[in-house]
Structure formats: C-alpha cells, structure tokens
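Hi everyone, and thanks for coming. Let's have a look at the model on the screen, and I'll walk you through a few parts of it.

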Amino acid sequence: MADVAHIKPKDQQEQGPMKLGTQEGRKWPIKPEFTPEVLEEMEKLLPSKLNRIVATSLAGCIHCGMCSDACHYTRSIPEDKTLLPAYKADRFRKWYKWRYDWLAKLFPSFVGAQPLTKELAKEMYDKLWGGCTMCRRCTFNCPMGVDYGMLVRAARGIMCQAGRIPQHLQDTIDTHYNSGNNMAVPQDEFIETIEWIEEELQSEDGCEDFTIPLDKKGAKYFLTLNPREPKYYPLTIQATAKVLNAAGVDFTISSRYWDLTNYAMFNGIDSDAKLFASWIFDEMKRLECEYLLSGECGHGYRGLRWELPNWLGGVPFKITSTMELFAKIIQEGRITLDKSVWDGQRFTYHDSCNIARSGGVWEEPRTVIRAAVNDFVEMEHNREQSFCCGGGGGALAMPEFSQRRIAAGKVKADEIRATGATVILQSCHNCTDQLKEISEHYKLGARVMNLAELLTEAIVLK
Amino acid sequence: MRENQGSVTIIEIQYWEAPTFHDENTLMKKGEIRTMENKVSYALYVLQEPVQYVCLLFMATMYSLKIYQLMKKPGPPEKAELKGDRFAGALHSLANVIRPWGMESTRNNLYFYAEFVVFHIAVFLTIGATFFIPLVPKLMTPAVSTVFMVFMGLAFLIGVRRIYRRVTVPEIRIISSPDDYFAISLMTVFFGVGFVTMYLWILGKPETGWMWVFFLMTTFFLLYVPFSKISHYVLYPFGRVMFGQIFGGRGVLNRNS
C-alpha cells in the first residue's frame with residue numbers, strides 16, 4: 001500500500017481534509033418558468049453571447065434542410081419534425097432576427113422573426129436543452145458551416161444565466177462549484193478510495209509493485225478522472241492504473257482537484273467553465289507535471305484538450321488523453337497483449353462526439369482495439385461521422401427528457417445491432433451510461449466497456 | 001439585318017445613333033459587322049447602367065456594413081496546441097462546395113447537389129449577363145448566349161422543383177418563412193425571364209419588354225438581396241472558414257492532405 005501520509009499536501013497534514021471547491025456555497029437561483037423578468041434578463045444577455053461564430057450561425061442558415069438526416073433525433077424519431085436541427089435552432093434564431101435582422105424591423109413575420117415571448121422561450125427550452133446534445137453532426141453536414149453546437153451553447157447560457165435550466169444539470173455544476181468535483185466526493189474519501197483501489201490492484205497476480213501515486217510532484221503525467229469512477233466505477237481506475245504501471249508510465253493523481261469533467265460546457269456559463277479549468281491548471285502547476293492526462297471521458301477530454309487553453313489564454317504544458325497514451329504505449333511495444341482472452345467476443349467501437357468529431361481522436365482507440373482483440377467490426381457511421389449515442393450535451397443529467405433521450409438512441413442501437421457485437425467499446429462515461437441504457441432498452445444484449453477495461457484483461461505481465 | 005454564316009448566326013448592327021455609353025474606340029464604323037450589339041433606347045441604357053451602378057454601390061455598402069458588424073464580434077480563439085493546420089482546414093472547408101463526397105448530406109443526395117450546382121452556375125451566369133449585355137455585348141454571341149439560356153432554363157425548372165419541395169416536404173415546410181418562399185420564387189421568375197430575354201437577344205432583339213423586366217428585376221435584386229436570405233453567399237465564407245479553422249486545427253479535417 002502506498003504511504004499516503006507523506007504525499008498528502010502539507011496543509012492537509014496539518015488541518016485535515018481541506019475544503020475543496022469555492023469557499024462559499026452556491027445554489028443557482030433557478031426560476032420555475034419564463035416570467036417577464038426572466039425574459040427581460042434574457043434580452044439583456046443576448047448581445048454578450050453573440051461572438052462571430054454564433055452570429056454567423058444564427059444569420060447563415062438558408063433553411064435547405066440538409067441537416068435533416070444528420071441528427072440522431074430526427075433519424076430516431078422521424079415522426080417528430082420539430083426535432084430537425086434547423087427547426088430547433090430557429091427557436092433561438094427567430095428571436096435573434098427580431099433583435100438584429102434589418103428586414104425584420106419592417107416585416108418581422110416575413111423573415112420569420114419573433115419577439116421573445118413566454119411561448120417561444122418554452123419551445124427554446126424544450127428543444128435546446130432536451131432536443132440537442134450539441135454533437136455537431138449537423139454542423140458537419142451543413143453546407144453553410146452553421147455551428148449548431150456553439151449556437152445551442154449560447155442559447156443555453158442565456159437561459160441558464162436568466163435562471164431557466166434543468167434542475168439536475170445545474171445541481172451537478174453547483175456541486176462541482178461547491179465541492180471541487182461534480183459528485184461531491186470529499187478529499188479524504190477520495191484518498192481512501194484510491195488507496196483501496198491500489199490495494200486491489202496489488203492483489204492481482206504480477207501487480208504487487210504497482211502503485212497509484214497521489215500528489216507525486218514532477219510526475220510526467222497528471223491523470224484526471226471522471227467522478228463516476230471513484231464513486232461508481234472504481235475498477236476503471238484500477239484498469240487504467242494497471243495499464244500505466246505495466247507500461248512503466250510515470251503518473252500521478254491529485255488528491256485535491258482531479259475531476260476532468262466540466263458540465264459548464266453544457267450550461268454555457270463561461271465563468272464556471274473557466275473556474276473548473278483553472279483548478280486543474282493550478283494542480284498541474286503545483287504538481288509540476290509535464291502532461292495533463294485526460295481519462296476516458298468525452299466532454300472532459302474536449303474540455304481539457306481544446307477548451308481549457310482557450311478559457312485560460314494558453315497553457316505551459318501539454319495535454320493528452322489515455323486513449324492517445326494507450327495507443328502510443330502499444331505502438332512503442334511497451335506492453336504485451338494476448339488477444340485470445342477476448343476470443344468469442346465481437347467488439348464494436350462507439351466514437352464519442354467530443355473525442356472524435358470535436359476532438360480529432362479516432363484512430364488511436366482503433367490502434368488499441370486492434371492490438372487487443374481479433375474480432376472488431378465498425379458501425380456503419382464511425383469516426384467523425386459517428387452518430388451521437390444520445391447521452392451527450394448533459395442529456396443524462398436532465399431526467400425530464402429521459403424518454404426522448406432513450407428514443408433518440410435508436411439509430412445508434414440499430415447500428416450496434418447490425419454489427420452483431422457483444423461488446424460496445426467507448427471512451428466516455430456519459431456514453432457508457434447511455435449505451436448501457438439503450439442496450440437494455442433495445443435488447444442488444446451487449447455489454448459496455450472502456451478501453452482501459454479492454455486492455456487490463458489482455459495485458460500479459462512479465 | 002441577320003444572315004447565317006455556316007452554323008454561326010451573325011447580327012449586323014447599324015451605326016449607333018443614340019447617345020453612346022461606349023468610348024470613341026468602341027463606336028461602330030459604317031459597314032462594320034460585329035457579332036452582337038446592345039442597341040437600346042436611352043431609357044433602357046439608363047436602367048442598364050447608371051441605375052445598376054447606383055444599386056450596386058448600395059448593395060456593396062450594405063454588405064460592407066454587414067461584414068463590419070460581424071468582424072466587430074470576437075472571433076474564435078485557439079490557444080490549444082494544434083494537431084492540424086488551421087489555414088489548410090479553412091481552404092478545405094471552403095472547397096467543400098466542390099466536394100460533394102465530403103459531406104454525408106450531399107453524398108447521399110447527389111441529385112440535390114447537382115441541382116445546387118446548376119442553380120448556382122445559373123446565378124453567376126445571369127448576374128454575368130446583366131453586366132455583359134450592356135458592357136461587352138460582343139461577348140454575348142449566340143453560342144455563348146445559348147449556354148446562358150440553357151442554364152437559366154434549367155435553373156428555372158430547378159427553382160420550380162425547389163418551391164414544390166419547400167411546400168410539400170413537412171420538415172422543410174415547418175422551417176420555411178415567407179422570405180424563403182419569396183427568395184426562391186423570385187429567383188425562379190428571374191431565371192424564367194432571363195431565359196426568354198436571352199432567347200430574344202439571340203434573335204437580335206436587344207430591347208424588348210422582357211429585357212426591361214429582366215433589368216428591372218436586377219435592380220430590385222441589388223436593392224433587396226442585402227436584406228434577404230439570398231445574401232447567404234456573403235456569410236458563406238465566414239461560416240466555412242471558421243468551421244475549417246476550428247476543425248482543421250484539431251486535426252479533424254483533411255487529415256491526409
């Protein structure tokens with residue numbers, strides 16, 4: 001077992017577990033409906049959200065309808081035409097036109113402009129929180145390059161700031177704000193969990209010397225985790241640690257800020273997104289690591305790899321992911337894998353939208369999978385063209401839209417079924433939960449697994 | 001007088017009598033034969049040139065204002081270590097229009113894409129005709145004019161089909177505003193008028209009622225388009241370049257280039 005006492009932060013040794021998160025507790029003032037005051041607040045907020053991408057995306061739609069087949073909602077629920085991406089975006093666009101379109105000043109109805117009424121705002125709420133996962137598949141199929149992801153995030157930010165956001169989603173963000181991670185895992189409990197996982201790891205044959213170093217200054221990689229892992233899926237931490245140890249990777253985990261998620265990507269509040277990113281940034285500086293290493297988490301990866309440097313104005317370290325590191329380890333021959341352990345199973349891989357389409361990582365997971373299994377079948381739509389599973393954009397944190405979320409997973413379920421796979425691989429915790437649900441709902445009979453879990457079984461320890 | 005020389009129709013034009021809008025060098029000499037000439041009344045000349053220039057200036061001003069308003073807004077930052085080339089991504093994205101295989105939405109709708117190509121070529125040719133006819137009419141030989149006419153005719157048919165699609169396809173109908181119907185209808189009528197106008201032009205009739213309607217519509221377009229969805233071509237480069245920069249930089253686009 002690792003000697004945790006000597007690696008605890010100094011202040012923690014002296015004062016016990018430190019208060020993580022912000023010093024003040026926060027409960028976001030959520031309003032039950034779109035009152036005149038809420039609408040007035042939204043009117044005030046609109047200009048602040050109109051950066052060049054959002055403004056172009058609002059003004060640039062030509063209503064050609066080419067997005068209709070691109071969306072997993074429209075493909076899965078074809079009877080509901082209001083789930084067309086252009087229609088959903090128009091709930092926001094109508095209001096934008098009312099405010100900014102030149103012709104709308106004279107003939108608002110002619111250009112489809114509408115003032116922000118309670119009814120329009122309610123439609124916006126329904127479609128942009130509960131009918132879009134910001135997966136950007138429509139963006140990739142839009143002739144005009146309309147960035148629906150950014151457009152929807154801007155609309156969500158306005159609604160959220162004015163007090164209209166699904167309660168559970170905002171609770172998740174408030175928990176992150178108040179506790180330092182979105183599942184309110186206290187520091188001492190986290191340390192105990194990591195210790196326990198380390199013990200479990202060391203009890204495996206050939207892993208007696210493996211460690212999960214906490215707060216090790218100067219480690220090459222600072223591994224960040226999704227809070228679901230210490231809370232519900234500790235074996236994924238164990239699996240990741242096993243692979244990293246087997247490959248001789250010098251890594252550490254922070255006992256303070258280790259949460260790679262950033263649900264402020266989903267509610268559109270940049271100040272929160274920056275705050276959560278800054279905690280990770282500060283830990284990187286404190287631990288003096290060379291690489292910030294994202295665990296297997298879709299939006300978490302994108303948030304760290306691509307958005308964090310923008311939120312913070314650049315970073316003096318490198319950022320990568322376990323997906324990429326696993327592929328590198330395999331390509332360098334640093335671990336040996338026995339594919340036969342997975343014989344009898346057929347695998348397919350679901351590309352998380354934030355990792356592939358918005359992140360540019362899709363060959364690395366395939367490098368890992370091909371090294372570990374013999375029977376791998378691609379889905380019809382894969383890589384950057386993969387359909388969203390339906391669990392993105394914070395959808396799993398909005399129980400009021402669960403029925404639609406499960407229905408929207410049908411196109412993915414159909415593609416999985418067509419592969420005949422018994423195991424669905426993926427690298428995202430939101431995808432994990434959604435895929436498990438749709439696997440059960442659509443009776444796919446397939447289990448869901450991430451890459452670390454795949455590798456840990458196939459690793460041959462010397 | 002019209003006469004046929006082989007397969008090419010030549011139109012002999014008499015000396016230009018109206019106050020000319022060409023310089024001295026372009027004035028016809030007696031007995032000179034040119035392939036085509038825009039012999040029109042002074043009134044039509046005014047419509048074809050000074051009025052168009054004023055309207056063009058108005059359009060350019062409106063577009064400049066539109067672009068200025070857009071450029072004033074903060075652009076997308078990119079402080080992350082790049083995996084790809086943002087510039088190459090932008091070029092790749094801009095070239096999307098000539099790569100129907102690049103997007104699933106066009107790959108699976110090649111007929112729709114072909115319509116788009118013909119329609120937009122016709123737009124360019126029709127706009128071109130409004131310049132060539134008054135300014136360089138000799139370019140508008142019967143052969144060239146026939147090409148213009150064919151594209152206008154095809155675009156007219158495509159326009160009719162697009163109106164039908166907008167009316168009958170439920171998901172398109174629910175996203176359509178009156179501006180969407182008006183824009184496509186206007187373009188369709190414009191192509192129809194252009195088709196007939198070109199036909200009459202080939203017959204050696206530069207000033208007809210159709211030509212008047214054609215240029216009156218052009219005038220209206222120049223004034224109306226900056227306010228309508230037809231101005232999407234101004235936003236097109238912005239949308240595509242930003243898309244290309246973001247996803248090119250992230251190594252999502254043109255990986256093999």
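Let me begin with a term: a residue is buried if 20 or more other C-beta atoms lie within 10 Å of its own, exposed if 12 or fewer, and partly exposed in between, with the C-beta atoms placed from the backbone. This is a predicted model, in which local features need pLDDT of at least 70 and side-chain atom pairs count only at pLDDT 80 or more, while totals for chains, interfaces and linings use all residues. Residues are numbered from 1 along each chain as its sequence is written, and chains are lettered from A and ligands numbered from 1 in the order in which they are written.

Let's take chain B. Ten helices and two strands are found in it; helices (H or I, at least four residues) and strands (E, at least two) are DSSP runs, numbered from the N terminus. Along the sequence, the pattern of chain B is β-β-α-α-α-α-α-α-α-α-α-α. Of the 257 residues in chain B, 33% are buried.

Now, which residues of α5(B) are buried? They are B:F119, B:A122, B:L125, B:T126, B:A129, B:T130, B:I133 and B:P134. These buried residues pack against α1 (42-48), α2 (50-72), α6 (142-168), α8 and α9 (209-224) of chain B. Contact here means that the C-beta atoms of two residues, placed from the backbone, lie within 7 Å. Among the contacts in chain B with a separation of 6 or more, 74% are between residues 24 or more positions apart.

How far apart are the end C-alpha atoms of helix α5 of chain B? They are 37 Å apart, which agrees with the 38 Å that its 26 residues (110-135) should span at 1.5 Å a residue. That expected span is 1.5 Å times one less than the number of residues. There is a bend of about 25° in α5(B) at B:A129, where a bend is the angle between axes fitted to the seven residues ending there and the seven starting there.

On to the place where the two chains touch. Chain B brings 40 residues to the contact and chain A brings 45 residues. On the chain B side, α4 (104-107), α7 (170-173), α8 (178-202) and α10 (232-249) each supply at least two residues. The most comes from α10(B), with eight residues. By class, the chain B side has 18 nonpolar, ten polar and twelve charged residues. Ala, Val, Leu, Ile, Met, Phe, Trp, Tyr, Cys and Pro count as nonpolar, Asp, Glu, Lys and Arg as charged, and the others, Gly among them, as polar.

Over in chain A, look at helix α14 (residues 298-312). Its 15 residues should span 21 Å at 1.5 Å a residue, and the end C-alpha atoms are 20 Å apart, which agrees. At A:W306, α14(A) bends by about 45°, and a proline, A:P309, follows within four residues. Because 13 of its 15 residues are buried, α14(A) is largely enclosed by the rest of the structure. Just after α14(A) comes A:G313, with a positive phi of about 75°.

One last residue. Is A:L287 buried or partly exposed? A:L287, in helix α13 (residues 270-287) of chain A, is partly exposed, because 19 other C-beta atoms lie within 10 Å. Leaving out residues up to four places away in sequence, A:L287 touches A:D215, A:K217, A:A219, A:F222, A:T252 and A:S254.
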